[in-house]
Amino acid sequence: MAFKLTSDYSPQGDQAQAIAKLVKSIRAGNSHQTLLGVTGSGKTFTMANIIEQIGKPTLIMSHNKTLAAQLYSEFKNFFPHNAVEYFVSYFDYYQPEAYIPRTDTYIEKDSSINDEIERLRLSTMGSLLTREDTVVIASVSCIYGLGSPDDYEGMMVPAWVGQQIRRDDFLQALVAILFERNDIAFGRGKFRVRGDVVEVHPAYLDETAVRVEFFGDEIDRISTVNTLTGKVIEKVDKHTFFPAKQFVTPADKMKKAIVEIRKEADARVAKFEKEGKLIEAQRLRMRTDYDIEMMQEMGFCQGIENYSRHLTGRPPGSRPHTLLDFFPDDYLLMMDESHATIPQVGGMYEGDKSRKTVLVDHGFRLPSALDNRPLRFDEFMHMTHQRLYVSATPGPFEIVNSRPDNKRFIPVKGRGDDRGFTHIDLKKLNVVPSGSAEAVGDFDPSKPGKPLVVEQIIRPTGLLDPVLVLRPLKHQIDETIELCRQRVEIGERVLVTTLTKKTAEDLSEYLQGTGLKVRYIHADVDTVERVEILRQLRAAAFDILVGINLLREGLDLPEVSLVCILDADKEGFLRNETSLIQTAGRAARHLNGQCVLFCDTVTDSIQKLIDVTEYRRSRQMAHNELHGITPQGVKRAVQESLQLYSNQRESADKLERSMVADDEEAYDKVRVIAELEREMLDASAKLEFERAAHLRDQIVALKDGSAAAAAPRKKIGYPKGKGRKR
């Protein structure tokens with residue numbers, strides 16, 4: 001199937017030329033290309049247009065789950081008729097196995113798996129094996145070990161109408177691919193049997209099961225049904241059942257693997273004993289024997305991924321199978337916020353290796369456990385062929401490699417905090433600016449020596465980059481207070497960035513003492529609370545948000561018109577060129593956008609920020625003047641609150657907004673719970689997991705019959721005879 005982009009608007013501003021140049025470069029076979037798109041220029045829409053025109057399966061990588069979920073939602077809307085999948089780590093909580101020799105402390109692996117994300121991961125694997133029109137939005141978890149695609153595909157169970165197969169043989173085939181029989185609690189990854197009717201709930205489907213009806217030893221009918229009502233959705237001629245788990249191994253491979261594990265364990269134990277490490281030898285022998293017995297009896301053991309090399313039959317030192325192996329040879333890779341994603345990919349291998357080496361040296365794991373690892377950066381680059389780097393601040397790696405004559409990637413040495421790249425460097429590299437006289441039709445991406453860095457500077461809304469203002473460090477707090485007051489008076493919001501958590505907290509407290517409504521946000525603030533704080537800022541519950549490093553890429557706050565950067569001349573990771581450009585960009589969605597930097601010295605990073613801002617503003621103003629464009633601010637609805645069930649410390653007045661109205665004398669609690677459950681499932685399906693968690697807590701409270709939930713309330717709620725008021 002071809003990719004079909006669905007959208008109410010067409011490319012505007014710089015988008016059309018960026019799409020044309022990048023598509024031409026990719027079709028010319030270039031391995032690297034970079035899209036330098038400023039904040040708010042519609043980079044996601046540009047990426048969607050490129051996917052539609054190139055027509056290849058595409059992997060889009062993001063450096064965190066939140067941004068990945070945002071991209072997933074946007075691409076689902078862009079490609080409703082194609083397979084858009086979401087692949088991130090399925091752990092809500094993960095404590096890796098570790099050993100600390102200094103204190104002789106062993107930390108056992110502990111984790112909590114999110115069922116919904118596991119379903120989406122399985123759906124991703126199935127789509128890649130069966131469809132060519134697939135777009136996968138993934139985090140860095142896609143470079144971690146996964147089951148072999150050959151084993152996964154080889155264990156699929158096809159079923160079709162008219163197939164000659166005994167019912168019991170069909171059931172055994174389902175058990176072999178890790179489905180479980182449960183005639184009472186029917187759920188994902190389970191099947192139930194009623195005479196000649198077998199109902200299977202595939203692990204990758206949400207509320208849909210497959211009903212297979214037998215007539216003797218022949219499949220008579222196959223239909224999809226709703227798991228809740230049992231109503232037939234549609235009749236189908238065939239259906240392929242994928243394994244219920246991501247890691248599957250055929251029985252013959254399992255037997256061979258156990259033999260190899262025993263051989264390795266015997267050799268390792270003998271080595272420990274020869275070296276006089278009797279404790280390590282005994283520890284390894286007990287651990288390995290127990291794991292082998294579990295695999296023989298149950299087909300599974302705790303930490304089975306550490307034996308993945310043996311289970312997949314790979315030679316020592318070879319790379320693991322990952323999600324990239326499920327893609328066809330010819331696919332497109334897009335790295336969103338590449339300045340953060342590329343270093344993250346490059347740093348995974350060494351961190352994993354250092355932890356596991358300690359476990360191996362002290363007899364907790366076999367040396368083969370080291371082969372259960374993420375990809376090295378060179379392996380990752382070898383497995384990707386055509387790449388598009390997307391960022392407002394691409395690093396030297398992206399720029400240097402984006403040369404049409406470069407067929408192999410060039411490692412760029414440098415510190416992780418020195419990855420910024422400005423238009424000055426681009427001029428030195430002879431980059432063709434997007435608004436130059438060179439027409440798209442004359443652009444030759446195959447010409448060697450010229451880096452293909454396509455700038456997307458003009459925003460569809462005509463907005464300019466924020467104005468930069470430099471103020472001295474002396475009295476920076478007093479200046480900040482006055483600037484905040486001016487913005488608050490006209491109904492606008494402010495972001496203030498500091499260097500430490502303590503400073504953020506103290507500054508928030510001090511600003512509150514002056515009568516301003518302010519909150520702080522940093523890494524110690526709970527994830528759910530962070531989302532709610534950002535929502536409240538947009539909803540004007542408070543006016544000023546103080547933060548450190550979270551107020552950067554991916555933060556979409558159209559109401560923010562002022563960004564204050566305290567101690568801007570303190571060079572380092574938090575005040576380098578990339579950080580300053582990204583932070584200043586948070587005010588780029590407002591007509592009155594302004595960024596104030598408090599500094600006594602104009603550092604190299606500040607100067608680069610000034611240069612790139614002046615360059616962009618001049619280009620943007622010239623474009624607006626040429627086309628008669630009047631800049632327009634970004635307007636976006638404020639998302640629904642996650643705090644659907646207030647905690648006990650909140651005032652009674654706040655509680656009134658989420659409870660049942662007192663004019664409904666005997667409201668139907670069952671109906672309320674049923675509606676909340678529907679909303680919870682809907683939120684989970686939309687990857688709004690924080691909102692789903694709050695709905696779950698409210699349901700539990702109602703089921704427990706708590707006084708707070710059951711007490712009649714006034715004002716907003718459930719009017720008599722009407723549905724829930726939103």
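**Exercise 1. Is Glu 337 buried or exposed?**

Solution. The model is predicted: local features need pLDDT of at least 70, side-chain atom pairs count only at pLDDT 80 or more, and totals for chains, interfaces and linings use all residues. Residues are numbered from 1 along each chain as its sequence is written, and side-chain values use heavy atoms, with hydrogens and water left out.

Step 1. Buried means under 20% relative accessible area, exposed over 50%, and partly exposed in between, with a 1.4 Å probe and protein chains only. Step 2. Glu 337 has 9% relative accessibility, so Glu 337 counts as buried. Step 3. As for its place in the chain, Glu 337 sits in the loop between β17 (332-336) and α10 (338-361). Helices (H or I, at least four residues) and strands (E, at least two) are DSSP runs, numbered from the N terminus.

**Exercise 2. Describe the chain by its totals.**

Solution. Step 1. The chain has 22 helices and 25 strands. Step 2. Of its 726 residues, 52% are buried. Step 3. The accessible surface is about 33500 Å², and carbon and sulfur atoms hold 51% of it; such areas come from the Shrake-Rupley method with a 1.4 Å probe, and for residues only the protein chains shown count as cover. Step 4. Among contacts with a separation of 6 or more, 74% join residues 24 or more positions apart. Contact means heavy atoms within 4.5 Å.

**Exercise 3. In what order do the seven strands of the open parallel sheet lie?**

Solution. Step 1. The order is β3-β8-β2-β17-β18-β1-β19. Two strands pair if DSSP finds at least two bridges between them. Step 2. The edges are β3 (83-87) and β19 (453-456), each of which pairs on one side only. Step 3. With direction ignored, neighbouring strands are turned by 20 degrees against each other on average. Step 4. Helix α4 (residues 115-130) lies across β3 and β8 (134-138), at about 135 degrees to β3. Axes are lines fitted to C-alpha atoms, for helices over the stretch in contact, and angles run from 0 to 180 degrees between N-to-C directions.

**Exercise 4. Locate strand β1 in its surroundings.**

Solution. Step 1. β1 (residues 32-37) runs parallel to β18 (residues 386-391), and five bridges join the two. In β18, Thr 34 has Tyr 389 as its bridge partner, and Leu 36 has Ser 391. Step 2. β1 also pairs with β19 in the parallel sense, over four bridges; there, the partner of Leu 35 is Val 454. Step 3. Six of the six residues of β1 are buried, so the strand is largely enclosed by the rest of the structure. Step 4. The cover extends to both faces: His 32, Thr 34 and Leu 36 are buried on one side, and Gln 33, Leu 35 and Gly 37 on the other.

**Exercise 5. Which strands form the edges of the six-stranded sheet?**

Solution. Step 1. This open sheet has the order β10-β11-β12-β13-β14-β15, with mixed pairing. Step 2. Its edge strands are β10 (180-181) and β15 (232-236). Step 3. β14 (residues 218-226) runs antiparallel to β15 and is joined to it by four bridges. Step 4. Helix α6 (residues 167-176) lies across β11 (190-194), β12 (197-201) and β13 (208-215), at about 15 degrees to β12.

**Exercise 6. At what angle do the axes of α7 and α8 cross?**

Solution. Step 1. The axes of α7 (residues 251-274) and α8 (residues 278-298) cross at roughly 170 degrees and come within 9 Å. Step 2. That makes α7 roughly antiparallel to α8; angles under 35 degrees count as roughly parallel, over 145 as roughly antiparallel, 65 to 115 as roughly perpendicular and the rest as oblique. Step 3. Residues making the contact include Met 254, Ile 258 and Phe 272 of α7 and Leu 284, Ile 292 and Met 295 of α8.

**Exercise 7. Which residues does Met 680 contact, its neighbours within four places in sequence left aside?**

Solution. Step 1. Met 680 belongs to helix α20 (residues 669-685). Step 2. The contacts are Ala 692, Leu 695, Arg 696 and Ile 699. Step 3. Met 680 and Ala 692 are 12 residues apart along the chain, with their C-alpha atoms separated by 4.7 Å.
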